[in-house]
Amino acid sequence: MTSTEPNFIAILGFFLFIGVSLGITWVAARRTRNAEQFYAAGRTVTGFQNGLALAGDYMSAASFLGIAGLVALSGYDGLIYSIGFLVGWPVVMFLIAEPLRNLGKYTFADVVAFRLRQ
């Protein structure tokens, strides 16, 4: 038997999640005054915190499920794709991070626009 009645606990949880997300966004928006504070958190993030954020981004559920699916569908070729991503991502990060910092820009598009402005 299927129930067509709405699940009020699920709806309440959804709106609670939206409310908490909006509250965090509102608090963060009040703290930022310029682009540096927005993009670089006012340079208050420690190296350990940044490492945890990068690790969390890399080990997200979407990445894990995508790589697991790729391995399941492609076999060893899928495994090589996942290892290539793991090796290539830090290399690209190190190649792009220094020019961004030296130019005082925050996105790759800002660097390209700055370099190609004639």
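1. In this predicted model, Ile 96, Leu 100 and Leu 103 of helix α5 are in contact with Phe 108, Val 111, Phe 114 and Arg 115 of helix α6. Helix α5 covers residues 76-103, and helix α6 covers residues 108-116.

2. Two packed helices are described by the angle between their axes and by the distance between those axes. For α5 and α6, the axes come within 10 Å and cross at roughly 65 degrees. The crossing in which α5 passes α6 is left-handed.

3. Which residues does Ala 35 contact, leaving aside its neighbours within four places in sequence? They are Ala 40 and Tyr 106. The C-alpha atom of Ala 35 also lies 9.5 Å from that of Lys 105, although 70 residues separate the two along the chain.

4. The surface carries a nonpolar patch formed by Phe 8, Ile 11, Phe 14, Phe 15, Phe 17, Ile 18 and Leu 22. Together these residues have about 770 Å² of accessible area.

5. One member of the patch, Phe 15, is located in helix α1, which spans residues 8-31. Is Phe 15 buried or exposed? Phe 15 counts as exposed because its relative accessibility is 53%, and the cut-off for that class is over 50%.

Notes:
Residues numbered from 1 in each chain as written. Predicted model: local features only at pLDDT ≥ 70, side-chain atom pairs only at ≥ 80, totals over all residues. Heavy atoms only, no water. Patch = residues over 30% accessible without salt bridge, like charges linked within 9 Å, V, L, I, M, F, W, Y side chains within 5 Å. Areas by Shrake-Rupley, 256 points an atom, 1.4 Å probe, with all protein chains shown as cover. Salt bridge = Lys/Arg side-chain N within 4 Å of Asp/Glu carboxyl O. Helix = DSSP H or I, 4+ residues; strand = E, 2+ residues; numbered from the N terminus. Buried < 20%, exposed > 50% of the residue type's maximum accessible area, 1.4 Å probe, protein only. Axes fitted to C-alpha atoms, helices over the stretch in contact; angles between N-to-C directions. Left-handed = near helix turned anticlockwise from the far one by under 90°. Contact = heavy atoms within 4.5 Å.
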